[in-house]
Amino acid sequence: MNEDYLVVGSGLFGSTFAYEAAKRGKRVKVIEKRDHIGGNIYTETLEGIQVHKYGAHIFHTNNKEIWNYVNQFAEFNRYTNSPIANFKGEIYNLPFNMNTFYKLWGVITPEEAKAKIEEQRKVSGIEKPRNLEEQAISLVGTDIYEKLIKGYTEKQWGRKATELPAFIIKRLPVRFTYDNNYFNDRYQGIPIGGYTQIVEKMLSSERIDVELNTDFFAKREEYLQEFPKVIYTGMIDQFFDYQFGELEYRSLHFETTILDLENYQGNAVVNYTDAETPFTRIIEHKHFEFGNQPITVITKEYPRTWKKGDEPYYPVNDEKNNEKYRKYSELAGQFPNVIFGGRLGMYKYYDMHQVIAAALSVVKKEFHE
Ligand code: FAD
């Protein structure tokens, strides 16, 4: 015992905090309810292939400091995310760029593509979009909307695009160059050998004690009494016994298959953008690392409505939930010995670089630096 900190959750937020605290001579206990460390960035080896167990994870950032930080723990390859859309057997490049427009309309120059989009926007006559469908059409026209946005978005949210609020799509990345690189960030890659090693190294200090298969709520009161400070990266509404009601999430179901085939789809990520295909995408993991194994592993990703007990993946940050979260976070202010962090503790979608930055900023505050 005699630890200075209890970290609840061994995801990237909790592990970054634990690593930094141990570096400063503090003793840390990390408890994790799953049977492995790493949270959602966890990768496991199947047939020599790194499988992203909780969905495709591509590290990308514009922040050199964060890039250097994460490179302490793993060597990154030069992977560039360039997903492909499959709409009823037609293949399109993403994000929407000149390759997409050429395939859709046969246009060659940016001027022609712009004119085509403008023409479709005008025909739609939408001036004040009242829902997501109108918003998308007013931004990129009907063809892109019908083939590449509608079905995918409806599957992701489990609701008709006409019943979804317009604000979900503030802008759509439309690029008038022949560039299939999804991210605009300067740094991007996949850790060679997977993500788990990053967290393993973060938690490898002898000052850090990790306990798996341990749920904070099994001994909540004891933990709160025993540890001077708690870093809590679980669900904030659960911490407060859902007293203002449950925060909503979208959940996912992953179906992973090993195929006796060298190359299944020729790309790491293929989005299925029609409404009929029940999954949103297929990940072929070996392509993240340019693998040349004789077999391959694919994962189909099915969006699901979240209910209590399911794995929460994406927060639904609409007004109703944000208002609930605001109440929980006000209540959290009355617990100075508990720091709420990470995607579940702050009810916020965070990319990996953002979660590391958020944890480092908590570290600075905690250690008065
Ligand atoms: P988590 O990883 O969720 O860690 C929280 C941990 O706390 C979990 O291990 C959980 O089991 C544990 N826990 C919760 N409650 C308790 C409890 N009561 N007791 C004990 N332990 C508990 N980011 C990118 O930068 N690029 C991407 O391409 C990308 N793709 C993504 C794809 C998907 C499908 C998803 C869902 C996320 C993606 N992300 C991506 C985001 C990335 O996963 C997050 O930034 C990161 O995992 C957040 O870390 P965290 O520590 O906040 O949360």
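These legends walk through several close-up views of a predicted model of a protein with its ligand.

View 1. Let us start with the overall picture before zooming in. The protein has an average pLDDT of 96, and 100% of the residues score at least 70. For the complex, the predictor reports an ipTM of 0.99 and a pTM of 0.96. In the domain assignment, domain 1 is built from the pieces 5–44, 57–75, 187–247 and 316–366, while domain 2 covers 102–168. Between the C-alpha centres of domain 1 and domain 2 there are 37 Å.

**View 2. The shell around the ligand.** Which residues come nearest to the ligand? Out of 35 residues around the ligand, these are G9, G11, G39, G55 and G342. The elements α1, α11 and α12 each give two or more residues to this shell. Sorted by class, the shell holds 17 nonpolar, 12 polar and six charged residues.

**View 3. Helix α12 and what covers it.** Which residues of α12 are buried? They are M352, H353, V355, I356, A358 and A359. In an α-helix, residues three or four places apart point the same way, because there are 3.6 residues a turn. The cover over the buried residues of α12 includes α1 (12–23), β5 (59–61), α2 (64–71) and α11 (342–345).

**View 4. H368, beyond the end of α12.** Staying at this end of the helix, we come to H368, in the segment after α12. H368 is not a glycine, yet its phi is positive, at about 50 degrees. Most residues other than glycine have a negative phi. Is H368 buried or exposed? H368 counts as exposed because it has 5 C-beta neighbours inside 10 Å, and the limit for an exposed residue is 12 or fewer.

**View 5. Helix α4 and the glycine after it.** Just after α4 comes G125, with a positive phi of about 65 degrees.

View 6. Which two residues does a cis peptide bond join? They are L94 and P95, and omega is about -10 degrees. Most peptide bonds are trans. To find P95, look in the loop between β7 (90–93) and α3 (98–105).

**View 7. Y242 in its loop.** The loop between α9 (236–239) and β11 is the place of Y242. This residue is not a glycine, and its phi is positive, near 55 degrees. Y242 is partly exposed because 14 other C-beta atoms lie within 10 Å, a count between the 12 or fewer of an exposed residue and the 20 or more of a buried one.

**View 8. R250 and its contacts.** Our last stop is R250, which sits in strand β11 (residues 249–259). Leaving aside residues up to four places away in sequence, R250 touches Q156, P303, W306, Y313, Y314 and V316. With 17 other C-beta atoms within 10 Å, R250 is partly exposed. R250 and L203 are 47 residues apart along the chain, and 29 Å separate their C-alpha atoms.

Note on methods:
Residues are numbered from 1 along each chain as its sequence is written. This is a predicted model: local features need pLDDT of at least 70, side-chain atom pairs count only at pLDDT 80 or more; totals for chains, interfaces and linings use all residues. Helices (H or I, at least four residues) and strands (E, at least two) are DSSP runs, numbered from the N terminus. Two residues are in contact if their C-beta atoms, placed from the backbone, lie within 7 Å. A residue is near a molecule or strand if its C-beta atom, placed from the backbone, lies within 6 Å of it. Ala, Val, Leu, Ile, Met, Phe, Trp, Tyr, Cys and Pro count as nonpolar, Asp, Glu, Lys and Arg as charged, and the others, Gly among them, as polar. pLDDT is the predictor's confidence in each residue, from 0 to 100. Domain bounds come from an automatic or database domain assignment.
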